[in-house]
Amino acid sequence: MPRHLLDIRDLSTQELDALMDRADDIIQNPKRYAECMHGKKLATLFYEPSTRTRLSFEAAMLELGGSVLGFSSADSSSASKGESVADTVRTVGCYADIIAMRHPKEGAPTAAAQVSPVPIINAGDGGHNHPTQTLADLLTIRREKGRLNQLVIGCCGDLQFGRTVHSLINAMMRYKSIRFVLISPEELRVPEYVRESMHKNGVTFVEVERLEDVIGTLDILYMTRVQRERFFNEADYVRLKDSYILDTDKMRLARRDLCVLHPLPRVNEISRAVDDDPRACYFRQVANGKYMREALLMKLLEVEA
Ligand code: NCD
C-alpha cells in the first residue's frame with residue numbers, strides 16, 4: 001500500500017521534525033540531492049487554481065532530478081467530459097510515481113487514495129485541509145523563531161474556509177505551550193470540528209474580533225485571504241473581504257520579534273508597505289515550501305540522497 005499525505009495528522013511529530021531537518025539539509029547542500037529522483041515522475045492534478053502550490057511541487061521534483069506532468073484546471077482534463085476522480089487517478093497512476101492533487105471538494109484526495117496505486121498528496125481540498133502548506137509554515141516558524149513550542153499564534157481572517165489554518169492548527173497543537181488567538185468576524189470563525197479538536201487536545205485558545213487588541217501579544221501572526229470562491233453569495237463576500245488590513249500602523253503595535261506569515265495569494269489583507277518590514281516572512285515562507293515539498297517527495301517515494 002502506498003503511503004499518502006491527506007491530512008497533516010498523517011505525519012507524526014517525529015516525522016515532521018525529520019522533514020524539517022531534511023529541508024534544512026537540502027537548503028545547505030542542494031547538489032547532494034540534484035539527481036536523487038532520476039527516472040521518477042510527479043503528476044500534478046489541479047482541479048482548482050494555484051500558483052505556488054503547483055509550481056513549487058513541480059520545481060521541487062525538477063530540482064531533485066525527476067520529471068513532471070499534469071493539468072492545471074478541470075477544464076483541460078477529462079473531468080470536463082464527466083470522468084470521476086477515481087478513474088482519472090487510476091489512469092494517471094499508470095504514468096506517474098506520485099500524485100499531488102488539488103480539488104474543490106472536501107475529501108476528494110482521500111477518495112482518490114482509496115483507488116490509487118501510487119502515493120496521493122492532498123494539495124488542498126475545498127475549505128478543509130492543506131497539509132503541504134502547513135509543512136511550509138512549520139519550517140518557516142522553526143527557521144524564523146528557532147523553535148516550535150512556547151508560541152502565541154494569531155490566525156487572522158477567514159478561519160472558516162481557510163484550509164491552511166485548519167491544517168496549521170492541527171500541526172501546531174502537538175507542540176508544547178502553544179496558545180492560539182483566533183481573530184475573525186463572527187461569521188468566519190473556525191468550524192466546530194477544529195474547535196472540538198483543540199478542546200480534545202487541551203489546547204488554549206481564544207476567539208476575538210479585533211486584531212488591534214491582540215497583535216501586541218503575538219509571536220506569530222498568520223494572515224489569510226477571505227476565500228471568495230467558497231462563499232454562497234457575493235454580497236457576504238463584499239461585506240467581509242476587508243475585515244482586516246495589516247498595515248504599518250498596526251505593525252507598530254506588534255512585538256519587535258513578531259513573525260508575519262501568509263500562505264498567499266494576498267488580496268488586500270496585508271498592505272504592500274508591510275513587505276519591507278523585516279518581520280514580514282511570507283516570501284521566505286514561499287521558498288521554504290519548495291524545500292519541504294522536496295523532503296516530502298523523498299519520504300513518500302522512499303528515496304535517499
Ligand atoms: C492557499 C490555498 O490554496 O488554500 N494558497 C496556497 O496554497 N498557498 C491560500 C489561499 O488560497 O488563500
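Me: Where is the place of Pro-265?

Reply: Pro-265 sits in the loop between strand S9 (259–261) and helix H12 (282–300). Keep in mind that this is a predicted model.

Me: What is the peptide bond from Leu-264 to Pro-265 like, cis or trans?

Reply: That bond is cis, with omega near 5 degrees. Most peptide bonds are trans.

Me: And what about the phi of Leu-264, positive or negative?

Reply: Leu-264 has a positive phi of about 65 degrees, although it is not a glycine. Most residues other than glycine have a negative phi. Leu-264 lies in the loop between S9 and H12.

Me: Is Leu-264 buried or exposed?

Reply: Buried: its relative accessibility is 12%, and the cut-off for buried is under 20%.

Me: What's the story with the phi of Ser-177?

Reply: Ser-177 is not a glycine either, yet its phi is positive, at about 50 degrees. You'll find Ser-177 in the loop between H7 and strand S6 (178–183).

Me: Why does Ser-177 count as exposed?

Reply: Because its relative accessible area is 54%, and exposed means over 50%.

Me: Then H7 itself. How many of its residues are buried?

Reply: Ten of the ten residues in H7 (residues 163–172) are buried, so the helix is mostly covered. Among them are Arg-163, His-166 and Asn-170, along with Val-165, Leu-168 and Ile-169.

Me: How far is Asn-170 from Glu-186?

Reply: Their C-alpha atoms are separated by 21 Å, and the two residues are 16 apart along the chain. Glu-186 is in the loop between S6 and helix H8 (192–200). At 51% relative accessibility, Glu-186 counts as exposed.

Me: Switching to the sheet. In what order do the strands run?

Reply: Four strands make an open sheet in the order S2-S1-S3-S4, and the pairing is parallel. S2 (67–71) and S4 (120–125) are at the edges with a single partner strand each, so one side of each has no neighbour in the sheet. From one strand to the next, the twist averages 15 degrees.

Me: How many bridges are there between S3 and S4?

Reply: Four, with strand S3 (residues 98–103) and S4 pairing in the parallel sense. As one example, Ala-100 has Ile-121 in S4 as its bridge partner.

Me: Which strands does H3 touch?

Reply: Helix H3 (residues 52–63) packs on the sheet and touches S1 (41–46), S2, S3 and S4. The direction of H3 makes about 175 degrees with that of S1.

Me: What about H4, which strands does it lie across?

Reply: Helix H4 (residues 85–92) lies across S1, S2, S3 and S4, and runs at about 155 degrees to S3.

Me: OK, helix on helix. At what angle do H3 and H12 cross?

Reply: Roughly 55 degrees, with the axes coming within 8 Å. H3 and H12 are therefore oblique to each other. Their crossing is right-handed.

Me: Which residues meet there?

Reply: From H3 you have Arg-52, Thr-53, Ser-56, Phe-57, Ala-59, Ala-60, Met-61 and Glu-63. They meet Val-286, Lys-290, Tyr-291, Arg-293, Glu-294 and Leu-297 of H12. The residues of that contact divide into seven nonpolar, two polar and five charged.

Me: And H4 with H5, how do the axes cross?

Reply: The axes of H4 and helix H5 (residues 108–115) come within 9 Å and cross at roughly 50 degrees, so H4 and H5 are oblique to each other. H4 passes H5 in a right-handed crossing. On the H4 side the contact is made by Val-85, Ala-86, Val-89 and Arg-90, and on the H5 side by Ala-108, Ala-112 and Val-115.

Me: How do the residues of the contact of H4 with H5 divide?

Reply: Six are nonpolar, none is polar and one is charged.

Me: Last one. Where does Pro-30 lie?

Reply: Pro-30 lies in helix H2 (residues 30–33). With a relative accessible area of 48%, Pro-30 is partly exposed. The C-alpha atoms of Pro-30 and Lys-145 are separated by 23 Å, and the two residues are 115 apart along the chain.

Notes
Residues numbered from 1 in each chain as written. Predicted model: local features only at pLDDT ≥ 70, side-chain atom pairs only at ≥ 80, totals over all residues. Heavy atoms only, no water. Helix = DSSP H or I, 4+ residues; strand = E, 2+ residues; numbered from the N terminus. Buried < 20%, exposed > 50% of the residue type's maximum accessible area, 1.4 Å probe, protein only. Pairing = 2+ DSSP bridges. Axes fitted to C-alpha atoms, helices over the stretch in contact; angles between N-to-C directions. Contact = heavy atoms within 4.5 Å. Parallel < 35°, antiparallel > 145°, perpendicular 65-115°, else oblique. Left-handed = near helix turned anticlockwise from the far one by under 90°. Nonpolar A, V, L, I, M, F, W, Y, C, P; charged D, E, K, R; others polar.
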